[in-house]
Amino acid sequence: MKRRSIGEIWEDLPVAKKILVEMLFVGIALLVSNMLLYLRINDLVDRLNSVYSVNLNLTDLSDSLNEVQENMYRYLEIRDYDSLSNYYRSEEEFRQQYRTLSDEIVDEPVKIMERNIRGMSESFLAAADRAVSAKRGNNVDAYVANYETAMKLYNYIGDSVSTLNREQFISNRQNYLTLQRALRTMEITSVLILIAVMAVTIALLPALTRNIISPIVERELMMQNHLKEAQLRFLQSQINPHFLFNCLNAGVQLAEMEDDERTSVFLERMADFFRYNVKKGNEESTIREEVEMVNNYIYILNVRFAGEIDFKTDIDDSVLDCHMPSMILQPIVENSVNHGIRGQEADSSIFLTVRDGGDDIEIIVRDTGTGMTEEQINSIFEKSGNISESGSTGIGMDNVISRLRLFFDRDDVLEIYSEGLDKGTSVSIRIPKREEEDVQNTGS
Amino acid sequence: MEKKDGKRSIGPIVATGVIIIVLLFIFVNLIYNRIIDEANMSAPGTGETYARHIAMIVGSPQDEFWQDVYKHAKEDAAERDCFVELKETGNSTVYTLSDLMTISIASGVDGIIVENDGSEGLKEKIDEASDAGIQVVTVLNDAADTKRVSYVGLNPYTAGKMYSEKLIPILKSDKSIKNIAVFMKDDRVDGNDFQIFSDINTELMGNEELADRVTITAVRIPKEKAFGTEEVVQETLEGEIKPELVICLDSMTTETVYQSIIDMNLAGEVQMIGYYDSPNTVGALKRNNMLMTLVISTEDMGAYASQAVSDAIETGRTNSYYAVNADFISSEDVR
């Protein structure tokens, strides 16, 4: 099985989990920062506390030395068992304490002092032991002499311990002050670091969030596009079979009536008509193609209904190459034929006007037929609002309006005017100028 | 960061954050270490460790002369894996050299370099140390009748001769000098100072021209009295028989006498022969306030003392006498 990279695993994570990971990242960064700073500050506090511990030990050593001297003196004075046992106990304690001092010969005043105190302490205890032993053996001269030696050393040790204590105190005081300053610096640094970590994580959060959100937004946009396209294809698919049936009927009728040149023209126009339909599976077309489509349609209708439909055009050739959705004009003209002029006894006409309106191109299909009431017009627009309904209205006017609106993203792209019944209808389309080049740019 | 499909990769974003935070912590660590270094607490001991411990006991350890001797002794000893400790005469309690000997013996040092200043009980302590297996070397002033293993310093007879050779021409040319005072800290008859004084005196008295004209007097500087030097010097300079020439046999006295001459406005009236080439002494020479000064090689003294004591520790034997170089320098030598 192929191992997935962290990036792939991240991509596949649900959004909730991604946000959780993001929060964990921030949390862990802050936690680790806090922990490290805490350890450092703790270390400093420990050092601060240990600074004067040496002085405390020396004070203990001094106390212990005094105890040995007192017990020795007491024993030499009154020679009782308690004093002797106290002497041995204090001697052992003192021995343990001075043995914590350095015995190394190091080029450091403090270390050398420690070594001297240690050596003198050993000599002191040896003299004290000799004094005690001489006392036990009743050798007065020996114990007095050894006592004097021990006392001399006792004084030297006392002096040396005081000196060492003072030296240590002076050096520790400096250390203490430096550490105290260090602690304050570390505290300030810690706050700054935490602020910095916060700032970094907060600065990274938008990037991480974008990383999570952007695929969702992109997917949303693509879905919308696909939906639009699907709707367009759906609307187009409503048109093709709608007209195809009628045309085929017309072709059959014509073939039955006569088999001459007109039929071939008719069939040719029919072929063009359907070819356009098939070719323009996509939604884009030019005004020229649309106008031609309408001409073909009118021709077919004129053949079909054996009468001349009065169709007049006023075309501004300069805008014919502009783009618009396919299958727009023909349904409008069909609408005019079916609902406007067919069945009218009086002469009725359909006018197709294409003109340059500056920024827009204006295409008007006007008939002089039955006209429409305001309710009828509104009804058409209402239907066009709901494009999900399958086109059961027959002519596909709502379909045309919906497609135009989707394509140009404007609501006022198509307007219908009628002054009332029997006063004709005018359908006006205003579309922005979009030449071939523009379309390619926007489409790419 | 942009992938082919237009999506941003998470890796670089996280990596950037992690790198920034790591850099911040490296920065904090640097600050922390700097602070600890400043407190000198990161390494508890930075001094060298040695195999042997030698105590150096002298009368005036703060003297520049002894400080120099100590410096050279310490340097030489370090090469022999020995550490020389210059014993202080005490802060709260003033220790005599005998006290310092007792302390050193009790501390269990391996060797002692000691100046025999003639103080009471010092010779016994030298013998006591020797009996305890500690090798003792005397410097500058000998204690020949003890168990010390070696002496490093001037031969007093040679020194006396050197003084005489320099003095006689001066006295012959400068007839204003009638009284000479020799300040000495060690007035033992067998001490170096007295030997030098005695030799100068003998030479002068043996000179027909000078014997009747010049009087030489030994002035003792009491060791037992704190700050006694200045008192004795001023008494001498203000005395009825004011000396026209003063001879100092140690550096501390040299500095005190020089300062007194300046303070008492006696420059030109009282001439002096100093001891050791401390900066003050050299300054006095440059200003012609001092005739000359005896310079004993502190390097020789320190190095020989260290060599003698460490040889004795290692082998039990060493030369019984190490002669150090000495010479007079005058104002001409320091220009």
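Start by selecting A:Phe94, A:Tyr98, A:Phe124 and A:Tyr154: ring pairs link these residues into a cluster. Rings of Phe, Tyr and Trp (its six-membered ring) pair if their centres lie within 6.5 Å; planes under 30 degrees apart count as stacked, over 60 as edge-to-face and the rest as tilted. Before going further, note that this is a predicted model, where local features need pLDDT of at least 70, side-chain atom pairs count only at pLDDT 80 or more, and totals for chains, interfaces and linings use all residues. Residues are numbered from 1 along each chain as its sequence is written, chains are lettered from A and ligands numbered from 1 in the order in which they are written, and side-chain values use heavy atoms, with hydrogens and water left out.

**Aromatic pairs**

Over all chains, the structure holds 14 aromatic pairs. Zoom in on A:Phe124 and A:Tyr154, a tilted pair with 6.3 Å from centre to centre and 35° between the planes. The pair links distant parts of the chain, 30 residues apart: A:Phe124 sits in helix H5 (residues 109-136) of chain A and A:Tyr154 in helix H6 (residues 140-257) of chain A. Helices here are DSSP runs (H or I, at least four residues), strands likewise (E, at least two), numbered from the N terminus. Both A:Phe124 and A:Tyr154 are buried; that means under 20% relative accessible area, while exposed is over 50% and partly exposed lies in between (1.4 Å probe, protein chains only).

Next, pick A:Tyr156 and B:Tyr95. Their ring centres are 5.5 Å apart and their planes are at 80°, so this pair is edge-to-face. A:Tyr156 is in helix H6 of chain A and B:Tyr95 in the loop between strand S3 (82-86) and helix H3 (97-107) of chain B, so the pair joins two chains. A:Tyr156 and B:Tyr95 are both buried.

**The sheet in chain B**

Switch to cartoon and colour chain B, which has twelve helices and 13 strands. Look for the open sheet of six strands, ordered S3-S2-S4-S5-S6-S12, with parallel pairing; strands pair if DSSP finds at least two bridges between them. S3 and strand S12 (321-323) of chain B stand at the edges with a single partner strand each, so one side of each has no neighbour in the sheet. On average, neighbouring strands are turned by 20° against each other, direction ignored.

Which helix packs on this sheet? Select helix H11 (residues 298-315) of chain B: it touches S2, S3, strand S4 (111-114), strand S5 (135-139), strand S6 (150-153) and S12 of chain B, and its direction makes about 160° with that of S5(B). Contact means heavy atoms within 4.5 Å. Axes are lines fitted to C-alpha atoms, for helices over the stretch in contact, and angles run from 0 to 180 degrees between N-to-C directions.

For a close-up, show strand S2 (residues 52-57) of chain B, which pairs with S3(B) in the parallel sense over five bridges. B:Ala55 stands opposite B:Glu85 in S3(B).

**The nonpolar core**

Now show side chains for B:Tyr163, B:Ile180 and B:Met301, which touch the most other members of the largest nonpolar core, a set of 56 residues. Such a core is a set of buried Ala, Val, Leu, Ile, Met, Phe, Trp, Tyr and Cys residues joined through side-chain atoms within 4.5 Å. Helix H5 (residues 156-173) of chain B gives the most to this core, with seven residues. Click on B:Met301 and list its contacts: among them are B:Phe65, B:Trp66, B:Val139 and B:Val324, not counting residues up to four places away in sequence.

**The sheet in chain A**

Back in chain A, find the open sheet of five strands in the order S3-S5-S6-S8-S7, with mixed pairing. From one strand to the next, the twist averages 15°. S7(A) and strand S8 (residues 425-432) of chain A pair in the antiparallel sense over four bridges, and A:Tyr417 stands opposite A:Ser426 in S8(A).

**Two last stops**

Select A:Met327, in the loop between strand S4 (323-325) and H9 of chain A. A:Met327 has a positive phi of about 60° although it is not a glycine. Is A:Met327 buried or exposed? At 3% relative accessibility, A:Met327 counts as buried.

Finish at A:Asp422, in the loop between S7 and S8 of chain A. A:Asp422 has a positive phi too, near 65°, and is a residue other than glycine. A:Asp422 is exposed, with a relative accessible area of 59%.
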